[in-house]
Amino acid sequence: MKKSALQQARAAYKPQLPIVLTGGVKVVEGQPTQSADNQEEIKSLFPNTYGLPELRFEKAPAEEAAQPINVGVILSGGQAPGGHNVISGLFDGIKKVNRKSRLYGFLMGPGGLVDHDYKELTSDIIDEYRNTGGFDIIGSGRTKLETKEQFDKGLEILRKLEINALVIIGGDDSNTNAAVLAEYYKEIGAGVQVIGVPKTIDGDLKNDVIETSFGFDTATKVYSEVIGNIQRDCNSSKKYWHFIKLMGRSASHIALECALQCQPNVCVISEEVESKNLTLDQVVEDIADAVVARAADGNNYGVVLIPEGLIEFIPAVKALIAELNDLLAAKADEFAAVDTDCQREWVISHLCEANAKTYESLPAGVARQLTLDRDPHGNVQVSLIETEKLLSEMVGKRLEQLATEGKYSGKYATMHHFFGYEGRCADPSNFDANYCYALGYTAACLIAAGKTGYMSSLRNLTFAPVNWIAGGIPITMMMNMERRHGEMKPVIRKALVELDGAPFIKFTKYRDEWKRQTCYTYPGPIQYFGPTEVCDQPSLTLIYEQKRRKY
C-alpha cells in the first residue's frame with residue numbers, strides 16, 4: 001500500500017511517556033473509593049471490585065523480566081483518534097515486561113470475543129499503525145457484553161489463548177461492560193484481569209482523575225478547522241446563516257470547545273437550556289435576536305453551533321423522550337404492527353396528557369424521528385434528528401413575524417452542516433498521540449501489577465507529557481444507577497458541561513460580543529511539526545479547567 005508523505009512522516013513520530021513509566025515502576029495505593037452515587041446499590045452489584053483504592057505509579061529500581069503475559073484487546077463503540085496508539089503503547093508495555101508476551105486483538109469489537117474472532121498483533125502489524133487514525137487495525141463494534149453466556153463464551157477463547165488480561169478501549173457504556181466483566185471473572189476465579197481505557201470524542205467520560213477522554217482533542221481541532229473555514233467563507237460572501245450541528249449526544253463539550261476555538265455568533269449549550277428550563281421557542285428566540293441585531297448593522301450572515309443532543313435537553317421534550325423510551329421498550333411489537341400512517345396517533349394515545357401535547361406540537365418529521373429504532377441502549381438516535389434544520393426553519397418563521405411587526409428588515413438565507421464522522425478517524429494530534437500511547441502503556445503497567453476492574457488514568461495533562469501522573473482508578477468509582485430499556489442499570493455517569501466551570505464561564509464572558517460582532521477566529525488544520533505553542537497545546541477546555549495557559 002502506498003503511503004502519503006504525511007503517513008510516512010507520522011510513522012517516525014515517537015510518542016512521549018511520563019518519566020515515571022520509563023524505568024522500573026511501583027504501585028502506590030491511595031484511599032478506598034466509592035461510586036459517584038447510589039453507593040449501596042453499586043456495592044451490592046460489585047462486591048468483589050467495589051471500594052478499591054486509587055493507584056499511582058512511581059519510579060522504582062529496574063527489575064528483571066517477569067513472566068510473559070498474554071493480553072487481549074478490544075476496540076468498542078465509535079471510533080476516536082488515537083486508538084491505534086493505545087494499542088501500540090499496550091504492546092510496547094507488555095513487551096517491556098517480557099519480550100515473549102503476546103497481544104491478541106479481538107475483531108470488530110466485543111463481538112469478536114464472543115465469536116472467538118481474533119488475530120495476534122505482532123510488531124510488524126503494530127508498526128504499520130502507529131500514530132494513525134481510525135480503528136482499522138482490528139475494527140470496532142457495539143455488541144454489549146452483559147450476559148453470563150457471553151462472559152463464559154469469551155472465557156473459552158481467553159483460556160485457549162492463555163490470555164491473562166483483557167483491555168477494553170471504549171466509552172462510558174463500554175467501560176461499564178468492562179466493570180461488569182471484571183466483577184464476574186473475579187467472582188468465579190477465572191484468573192483474567194479486565195482493564196478499561198477512556199475513549200470518546202464527546203468528552204463526557206471524565207472526572208477529577210480522568211481529565212479527558214482520548215480523541216476529544218483531535219476531533220474538536222478537526223471540527224474547529226472546518227468551522228473556521230465556513231466562518232471565513234461566511235465573512236467573504238456575507239449572505240448566509242450557517243447552522244452547524246456537532247457531535248455530542250449527551251453533553252455539549254464538543255460545541256463548547258469549538259466555540260472557544262472559533263468564536264461563532266451563537267453556540268447553544270444543552271446543559272444551560274435544561275438548567276434554565278428553556279422551551280424550544282425560547283432557544284429559537286435567542287438565535288433570532290442575533291439575526292436581527294446583526295441585520296441592523298447590515299450583516300445578514302452568521303454562524304450557529306448546535307450540539308446534536310440539544311433536543312433531549314429541552315425539558316418538555318426530555319420528558320417526552322423518557323416516556324417514549326419506556327413505551328417503545330415495553331410495547332415494541334405492538335408499535336411495529338401499527339400502520340405507518342397511524343403510528344403518530346397511536347403514540348399520542350399512549351402518552352400522558354402533557355407529553356402527548358408536546359409530541360403533537362412537533363413537526364411531523366421530527367416527531368417521526370423520535371420513534372425510529374433505538375440505539376443498543378434503548379435511547380433515541382438523536383444524530384438522526386436534523387436539529388439544525390428544525391431550528392433554522394423555526395428562526396425563519398419567527399423572523400417573518402418580526403418583519404410584519406416592523407422589527408426586522410434583513411435578509412435570511414441558510415446553509416446546514418453536520419460535522420460528526422469527519423472527526424472520528426483523523427490522525428491524532430500530538431497531544432492525543434502522546435496521551436493514547438501513555439494510556440496503553442499505563443494499562444500494561446496495571447496488568448503487570450495484577451490489577452482488575454481499573455481504568456487507565458493520566459493526570460497533569462496541561463504539563464509536558466514527561467510530567468504526567470500515571471495510575472488507575474476503579475471503574476466502579478465512576479458509576480451510578482440510571483434507567484435503561486425501562487430498567488435501572490449500573491452505568492458510568494456521564495460528565496456534562498458544568499455551568500460553573502471555567503470553560504463555560506469563559507464562553508459566557510464573550511458570547512454577547514460574539515453574537516453581534518464578527519469576532520471569528522480561524523484555527524486552521526492540525527499541525528504536527530513545528531513550535532510547541534502551535535503543535536502540542538491541549539484543548540482549551542482542558543487548559544481552562546486546569547487553570548494553566550501554557551506548559
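This is a predicted model: local features need pLDDT of at least 70, side-chain atom pairs count only at pLDDT 80 or more; totals for chains, interfaces and linings use all residues.
Side chains of opposite charge can pair when their charged atoms come close. In this structure, 26 such salt bridges are found. One of them joins Glu-58 to Arg-56, with 2.5 Å from N to O. Both partners are partly exposed: Glu-58 has a relative accessibility of 26%, and Arg-56 one of 36%. The pair also belongs to a network of salt bridges that links Lys-26, Arg-56 and Glu-58.

Other salt bridges reach across the sequence. The side chains of Asp-92 and Arg-130 meet at 3.0 Å, N to O. Because Asp-92 sits in helix α3 and Arg-130 in the loop between α5 and α6, this pair ties together parts that are 38 residues apart in sequence. A further salt bridge connects Arg-516 with Asp-297, whose closest N and O atoms are 2.7 Å apart. Here Arg-516 lies in helix α20 and Asp-297 in the loop between α11 and β10, so the parts tied together are 219 residues apart in sequence. Arg-516 is partly exposed at 38%, and Asp-297 is partly exposed at 42%.

Leu-103, in strand β4, is buried, because its relative accessibility is 0%. Beyond its sequence neighbours within four places, Leu-103 is in contact with several residues, among them Val-71, Val-73, Phe-91 and Leu-121.

Note on methods
Residues are numbered from 1 along each chain as its sequence is written. Side-chain values use heavy atoms; hydrogens and water are left out. Helices (H or I, at least four residues) and strands (E, at least two) are DSSP runs, numbered from the N terminus. Buried means under 20% relative accessible area, exposed over 50%, partly exposed in between (1.4 Å probe, protein chains only). Contact means heavy atoms within 4.5 Å. A salt bridge is a side-chain nitrogen of Lys or Arg within 4 Å of a carboxyl oxygen of Asp or Glu.
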